[in-house]
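Subject: Structure for you to look at

Dear colleague,

My notes on what was found follow below it.

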Amino acid sequence: ELTATDRKAEVESYRFEARRKSEIDRLSTDREKTGVALGSFAINPINNERIPIWIADYVLLGYGTGAIMAVPAHDERDFAFAQKFGLPIRQVIAPRGQAGESDASAAYVAHSANEVLVNSGDFSGMAAPEGGRAITFQLKQQGKGDLAVTYRLRDWLVSRQRGWGAPIPVVYCEADPSCGMVPVPYDELPIKLPDDIEKWPAQGNPLETHEAWKTTTCPKCGGPGRRETDTMDTFVDSSWYWWRYLSLDRDDVPIDRHRDDVWCEVQQYTGGAEHAVLHLMYARFWAKALNDLGMIHEREPWLRLFNQGQILGADGERMSKSRGNVQDPDELVARYGADTVRLFLMFMGPWDQGGPWSPTGIDGIHRFLRRVWTVATDPRGVEPGDPEGGKLPAGQTEGEVADALRRQVHRTLKKVSDDHADYHWNTMIAALMELTNRLIRLRGTVVVDEPAWEETIRLLLLMLAPIAPHISEELWSRRLAATGKEWTSIHSETWPQFDETLIAEANVELPVQVNGKLRDLVSVPAGLSEIEIEQIVMGRDKIRAALDGQDVVRVIQVPGRLVNVVAKPKA
């Protein structure tokens with residue numbers, strides 16, 4: 001309607017080409033700006049100046065109303081567009097005291113706290129935020145405008161120009177303009193995408209060029225129609241998939257309400273930080289909308305959220321096929337097994353931090369699992385070349401070693417239980433390694449015939465089951481077979497409980513530092529107060545010698561872990 005008659009052919013040609021480009025192409029900053037003048041003008045409501053109207057593909061329909069007031073002096077894309085087509089570039093904001101014409105070589109886009117309006121008639125000299133409000137107020141007084149909230153998130157990424165995703169089930173009538181956009185009848189759903197399309201064309205929307213699929217009839221008048229060629233983003237599906245998973249056998253409803261009542265809300269959700277805005281916002285919207293419709297009972301989709309870190313490529317960049325830095329896990333699984341790869345990913349560092357990919361250390365994880373296999377299947381063997389193999393620690397009886405083993409496995413069970421809840425898998429695996437190393441040292445000793453050994457192996461496999469499901473299942477089934485018990489999966493077992501009386505420490509060994517340097521190790525009864533610990537530390541011969549000629553400034557204690565005496569030379 002806004003296009004002049006002599007401009008219609010050029011505008012239609014430009015529209016056709018623009019529709020073939022993706023949003024990414026259209027928004028590219030290094031792409032030369034293109035556009036066509038409509039031959040019509042808008043009137044500036046403040047000063048009645050005529051402003052030419054252009055169509056340009058870098059302006060998206062989903063932004064604002066799809067029409068913008070270009071400000072070339074203060075927007076890089078508008079600046080490039082104006083320069084190419086010889087449009088006026090007028091500066092309207094400048095730092096106070098620096099009002100002047102815009103730099104002819106670049107757009108002024110920097111902002112400062114003291115910027116004011118310039119070249120803005122009666123509003124010139126006003127602080128920019130105040131001036132914006134004053135202009136809006138004047139337009140409102142004249143009935144020409146009003147304040148409005150602009151939401152950056154508009155169409156839910158529904159409109160995608162690509163060959164996958166859920167089709168948008170509407171038809172545009174090309175016979176009768178009064179029909180407009182017509183929903184596809186319910187009994188014709190679902191609309192399915194064609195199989196014979198090029199999903200990755202060189203440019204443009206692949207569905208736009210598929211005439212057989214695109215061409216249809218108008219559901220309203222029966223005349224020729226055109227299907228919507230944009231598809232919905234996969235966020236639309238990922239915003240409610242867990243409800244549908246409960247009801248895959250139901251074709252009459254999307255969600256079985258009884259199953260929702262039993263299983264939901266989801267207790268723990270894990271996802272990447274990149275989901276923190278879009279996916280989580282969409283899913284919360286779906287929860288509230290479905291609740292309003294009575295299809296689910298909950299208002300929030302999940303009770304607890306944990307964002308894991310992202311494993312980057314070895315070059316420190318996000319893994320991408322285009323960068324060539326993708327690590328294929330299948331290669332590692334084929335070489336080491338899935339359990340090793342799983343544990344290695346958990347052991348790389350804190351789960352919420354991520355970091356660059358490095359294969360260093362995966363051999364250590366593999367050796368750890370081989371040691372678990374060894375202690376579970378060959379407890380009476382001895383490590384080749386180990387002169388101490390098959391011997392109890394010096395000065396300790398069989399009963400003392402067995403008791404110490406029970407205490408360690410129950411302390412490990414408590415730590416593993418706590419670390420699971422907090423996603424501290426790297427420290428959890430370290431504790432399991434420490435326990436396994438102790439078992440290796442006790443192979444071939446009389447302790448392997450003690451109930452403590454059997455209890456430790458059982459708890460070790462149960463602790464491993466969630467993180468190394470395959471080897472733990474195999475070892476579990478072998479142990480059942482060896483004792484003549486009926487097979488049951490380790491993954492159907494309940495999580496074990498640690499013995500509170502065994503995890504209580506009778507004594508705690510504390511490293512003692514002087515000005516950050518280790519000077520002594522002191523064993524103190526568990527539960528002593530900081531004052532009592534300080535008195536013991538200050539009475540130690542090694543500490544008195546280290547403090548000779550110095551004054552104690554303060555004593556810092558990390559309860560149960562460390563004592564550090566801060567001192568300075570005497571005046």
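Directly after helix α4 comes G143, a residue whose phi is positive, near 75°. Please keep in mind throughout that this is a predicted model, so that every value here is computed from it.

Helix α4 itself runs over residues 128-141, and its 14 residues reach 20 Å from the first C-alpha to the last, which is close to the 20 Å expected at 1.5 Å a residue. Within α4, the residues A128, G131 and L139 are buried. Because they cover an arc of only 75° around the axis, they lie on the same side of α4. The other side of the helix carries P129, R133, F137 and Q141, which are exposed. As for what covers the buried residues of α4, strand β4 (115-117) is included.

Strand β5, which covers residues 170-173, pairs with β6 in the antiparallel sense over three bridges, and V171 has V182 in β6 as its bridge partner.

The last topic is the aromatic rings, for which a search of the whole structure finds 15 pairs. One of them is formed by W54 and F85, a tilted pair with 4.7 Å centre to centre and 50° between the planes. This pair links distant parts of the chain, since W54 sits in strand β2 (residues 50-55) and F85 in helix α3 (residues 76-85), 31 residues apart. W54 counts as partly exposed because its relative accessibility is 25%, and F85, with a relative accessible area of 26%, is partly exposed as well.

W242 and W302 also form a tilted aromatic pair, with 5.4 Å centre to centre and 50° between the planes. Here again distant parts of the chain are linked, with W242 in helix α7 (residues 241-245) and W302 in the loop between α9 (278-292) and β10 (305-308), 60 residues apart. W242 is buried, having a relative accessible area of 10%, and W302 counts as buried at 12% relative accessibility.

Technical notes. Residues numbered from 1 in each chain as written. Predicted model: local features only at pLDDT ≥ 70, side-chain atom pairs only at ≥ 80, totals over all residues. Heavy atoms only, no water. Pairing = 2+ DSSP bridges. Helix = DSSP H or I, 4+ residues; strand = E, 2+ residues; numbered from the N terminus. Expected span 1.5 Å × (residues − 1). Buried < 20%, exposed > 50% of the residue type's maximum accessible area, 1.4 Å probe, protein only. Arc of directions from axis to C-beta. Contact = heavy atoms within 4.5 Å. Phe/Tyr/Trp six-rings, centres within 6.5 Å; stacked < 30°, edge-to-face > 60°.
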